Amino acid sequence: MLANMALLDVEKVIRDFEAMTKDAENVQRETLKLILEENGCAEYLQNLGLNGRTDPESFKACVPLVTHKDLEPYIQRVVDGAFPLILTGKPITTISLSSGTTQGKPKFVPFNDELMETTLQIYRTSFAFRNRGLACWNCNHQCVRNSQFKNAMKAMQSQVCSPDEVIFSPDFHQSLYCHLLCGLLLREEIQLVSSTFAHSIVLAFQTFEQVWEELCGDIREGVLSSRITFPSVRSAMAKLLKPNPELADLIEKKCSGLVNWYGLIPDLFPNVKYIYGIMTGSMEHYLKKLRHYAGDVPLISADYGASEGWVGANINPTLPPESATYAVLPNIGYFEFLLEQENVEEHIQDKVNGSFNAVEPKPVGLTEVNVGEEYEVIVTSFAGLYRYRLGDVVKVMGFHNSTPELKFVCRRNLMLNINIDKNTEKDLQLSVEEAAKLIAEEKLEVVDFSSHVDVMADPVITSRKVNTIGPLELRVLRKGTFQKILEHYLGLGGALSQFKTPRCVGPTNNKVLQILCDNVAKNYFSTVF
Ligand code: AMP
């Protein structure tokens with residue numbers, strides 16, 4: 001099959017990217033025009049009085065900034081199926097579920113063929129800049145089911161090693177076990193270990209530590225463990241499994257020879273070239289553990305986007321993930337940027353049909369951002385989102401031609417916020433890293449972490465300096481607590497590959513807060529403040 005496929009012309013992909021980013025302003029104008037021409041007949045846009053105009057100035061004057069909450073009634077009508085042309089010119093046939101990290105429940109987000117195409121364009125672009133690699137796990141469900149996606153991945157020599165029955169198994173424990181088994185069976189051929197987010201790669205190898213003997217048993221006997229119960233998965237795996245005592249012996253020997261599992265990945269997969277997944281933002285915490293498993297195999301952060309649409313590609317793959325930036329592709333959506341300093345909640349009117357407010361902040365265009373500044377990303381997509389506040393804060397690190405290179409900073413709403421005392425995910429991560437250094441002396445590690453503002457204790461809270469904010473409380477959680485949180489999110493319909501531990505649990509996220517509170521093993525109060 002592969003021999004008959006045209007391989008991706010990486011030089012052409014890079015040439016197109018260079019041409020497009022040199023002309024980013026015009027490409028943005030054209031992209032907006034295309035989006036509005038395709039979707040001008042949608043009810044949402046009709047009501048805003050654009051009257052066929054497609055220029056950025058009219059667009060900004062007529063269309064308000066919105067959040068997901070503002071669009072929920074519209075999306076719900078699309079989901080209900082009665083009015084398919086509410087947000088787009090062509091009917092929306094698929095709805096994605098976001099991971100739900102911020103609000104505690106997944107959001108419905110429209111998905112269509114155009115979004116699929118932008119996904120492929122992002123993948124092709126960053127692949128062209130990496131320009132090597134082959135296959136392992138990747139289960140972004142919406143895409144993996146798509147035949148166009150499968151062909152594109154083949155063209156990038158990036159086929160997955162597990163059969164579809166394993167990828168789409170309804171039970172993530174069973175699916176993960178089989179992914180590991182498939183990887184071991186194809187160990188010589190694996191050139192890339194990948195998942196959407198770094199968390200699931202770490203989880204996979206933590207699971208391997210628990211089940212490796214059972215996996216070796218399956219390989220030795222050629223019989224799948226009875227822990228796999230789905231008949232379709234069992235029959236798909238039966239086609240791959242043959243008794244192979246030599247392979248089982250080899251893996252057992254390799255595992256027994258490792259010190260604390262250091263360098264597990266290259267030992268299992270001798271031809272692996274790099275490890276690939278989103279490693280920035282809330283994923284940075286897992287880098288230490290991932291580096292431990294990876295030994296000397298490089299880690300490359302994947303691209304930046306959301307269920308709502310892609311934003312930028314990592315075109316500097318040799319940079320360590322901590323320094324990764326994302327170059328915005330100017331033709332995959334129309335982008336605006338709201339300066340963080342001006343982004344004060346009270347002044348923003350989010351109502352779709354509300355009257356215009358003179359204090360509505362004015363976002364700038366893609367090519368107008370300033371290096372060193374932080375902005376919230378505003379997206380207008382091909383799938384029915386117009387001036388949609390993504391909720392992510394990014395910092396402009398520089399430009400590639402005339403398109404900005406962004407560093408992911410944090411999610412705006414995942415902030416520990418007590419009046420003037422504000423701590424972002426990044427602040428938290430830095431303090432956890434410091435704490436981790438102390439406990440490392442005792443050979444302990446921080447598996448995961450989250451935080452919460454407790455406003456129940458004292459109603460008058462203003463500032464730490466004048467002692468009206470209580471001392472920081474540190475709660476040590478029982479082993480397996482974060483696994484319970486993961487399972488809670490999966491139970492709501494989220495995909496394992498999308499999961500992100502919420503770094504700050506908001507007041508509405510009751511269930512996660514409950515899991516955390518129910519699993520406190522010990523608590524300490526800071527004596528510093
Ligand atoms: P989802 O909720 O599954 O749609 O996840 C999308 C969110 O994941 C984005 O809005 C970001 O907050 C986060 N995200 C996606 N890509 C990256 C990245 N490369 N670096 C950091 N965070 C990311």
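Let's start with the ligand: by class, its shell is made up of six nonpolar, seven polar and four charged residues. Keep in mind as you look around that this is a predicted model. In total, 17 residues surround the ligand, and the closest are Ser99, Thr280, Ser307, Asp392 and Arg411.

Where do those shell residues come from? Strand E6 (304-306) and E13 are the elements that give two or more residues to the shell around the ligand. E6 makes the largest contribution, with three residues.

On the nitrogen side of things, a backbone N or O atom of Asp303 sits 3.0 Å from a nitrogen atom of the ligand. How much of the ligand does the protein bury? Taken alone, the ligand exposes 500 Å², and the protein buries 94% of that.

Next up, the charged pairs. Side chains of opposite charge can pair when their charged atoms come close. With a cut-off of 4 Å between a side-chain nitrogen of Lys or Arg and a carboxyl oxygen of Asp or Glu, the count comes to 22 salt bridges. A few of them are worth a visit.

Take Glu284 and Lys426, which form a salt bridge with their closest N and O atoms 3.0 Å apart. This pair links distant parts of the chain: Glu284 belongs to the loop between strand E4 (274-278) and helix H15 (287-294), while Lys426 is in helix H16 (residues 425-440), 142 residues apart. Are the two partners buried or exposed? Glu284 has a relative accessible area of 10%, so it counts as buried, whereas Lys426, at 30%, is partly exposed.

Lys289 and Glu445 make another salt bridge, and here the closest N and O atoms are 3.1 Å apart. Again distant parts of the chain are linked, with Lys289 in helix H15 and Glu445 in the loop between H16 and strand E16 (473-477), 156 residues apart. Lys289 counts as buried because its relative accessibility is 16%, under the 20% cut-off. Glu445 has a relative accessible area of 48%, so it is partly exposed.

Then there's Glu376 with Arg412, a salt bridge whose closest N and O atoms are 3.9 Å apart. Glu376 lies in strand E11 (residues 374-380) and Arg412 in the loop between strand E13 (403-411) and strand E14 (416-418), so the pair ties together parts that are 36 residues apart in sequence. Both Glu376 and Arg412 are buried.

Last stop, Ser451. You'll find Ser451 in the loop between H16 and E16. Its relative accessible area is 12%, which means Ser451 is buried. What surrounds Ser451, leaving aside its neighbours within four places in sequence? It is in contact with Leu416, Leu428, Arg503, Cys504 and Val505. With Arg503 there is a polar contact to look at too: a polar atom of the Ser451 side chain lies 2.7 Å from the backbone oxygen of Arg503.

Technical notes
Residues numbered from 1 in each chain as written. Predicted model: local features only at pLDDT ≥ 70, side-chain atom pairs only at ≥ 80, totals over all residues. Heavy atoms only, no water. Helix = DSSP H or I, 4+ residues; strand = E, 2+ residues; numbered from the N terminus. Buried < 20%, exposed > 50% of the residue type's maximum accessible area, 1.4 Å probe, protein only. Near = heavy atom within 4 Å. Polar contact = N/O pair within 3.5 Å; in protein donor to acceptor, adjacent residues only side chain to side chain. Areas by Shrake-Rupley, 256 points an atom, 1.4 Å probe, with all protein chains shown as cover. Nonpolar A, V, L, I, M, F, W, Y, C, P; charged D, E, K, R; others polar. Contact = heavy atoms within 4.5 Å.
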